[in-house]
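Colleague: I'd like to go through the labels on this one with you. Can you show it to me?

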Amino acid sequence: GEPHSIPITSDTLQAEFGHASWPEARPLVYLRAKMTNNTGHPFVEGEAKVFLDSSFIGSTRIDTWAQTEEKIISLGVDQGVRIKRKLEKKDEKETG
């Protein structure tokens, strides 16, 4: 009578890590991973638990992911990286 979560699969994928930020909106840096689904089966849309080595990083939501398809997955805020926006020079021009 109660809902249960059951792991469907556990796969290891190679990742190319990078960062993304939008300092004019928020002073946060997000960790992203570019990966190819080389598991031999598709992934269906849903929640995925993410581990780096044996450490749990967090959960993310993935769309349906076909075999051999490449995707960039957001892994949330990277707490080890800080960013600060500093405006050096602002050009303002009038037209009309």
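Modeller: Strands here are DSSP runs of E with at least two residues, and helices are runs of H or I with at least four, numbered from the N terminus. Ile-57 sits in strand 4. This is a predicted model, where local features need pLDDT of at least 70, side-chain atom pairs count only at pLDDT 80 or more, and totals for chains, interfaces and linings use all residues. Residues are numbered from 1 along each chain as its sequence is written, and side-chain values use heavy atoms, leaving out hydrogens and water.

Colleague: Why does Ile-57 count as partly exposed?

Modeller: Buried means under 20% relative accessible area and exposed over 50%, with partly exposed in between (1.4 Å probe, protein chains only). Ile-57 has 34% relative accessibility, so it's partly exposed.

Colleague: And why does Lys-71 count as buried?

Modeller: Its relative accessibility is 17%, so Lys-71 falls on the buried side. Lys-71 belongs to strand 5. Contact means heavy atoms within 4.5 Å; beyond its neighbours within four places in sequence, Lys-71 touches Ala-33, Lys-34, Met-35, Asp-63, Thr-64 and Trp-65.

Colleague: What makes Phe-43 and Trp-65 a tilted aromatic pair?

Modeller: Rings of Phe, Tyr and Trp (its six-membered ring) pair if their centres lie within 6.5 Å; planes under 30 degrees apart are stacked, over 60 edge-to-face, the rest tilted. By this rule there are 3 aromatic pairs. For Phe-43 and Trp-65, the centres are 5.5 Å apart and the planes 50 degrees, hence tilted. Phe-43 is in the loop between strand 2 (29-36) and strand 3 (46-52) and Trp-65 in the loop between strand 4 (55-62) and strand 5 (70-77), so the pair ties together parts 22 residues apart in sequence. Both Phe-43 and Trp-65 are buried.
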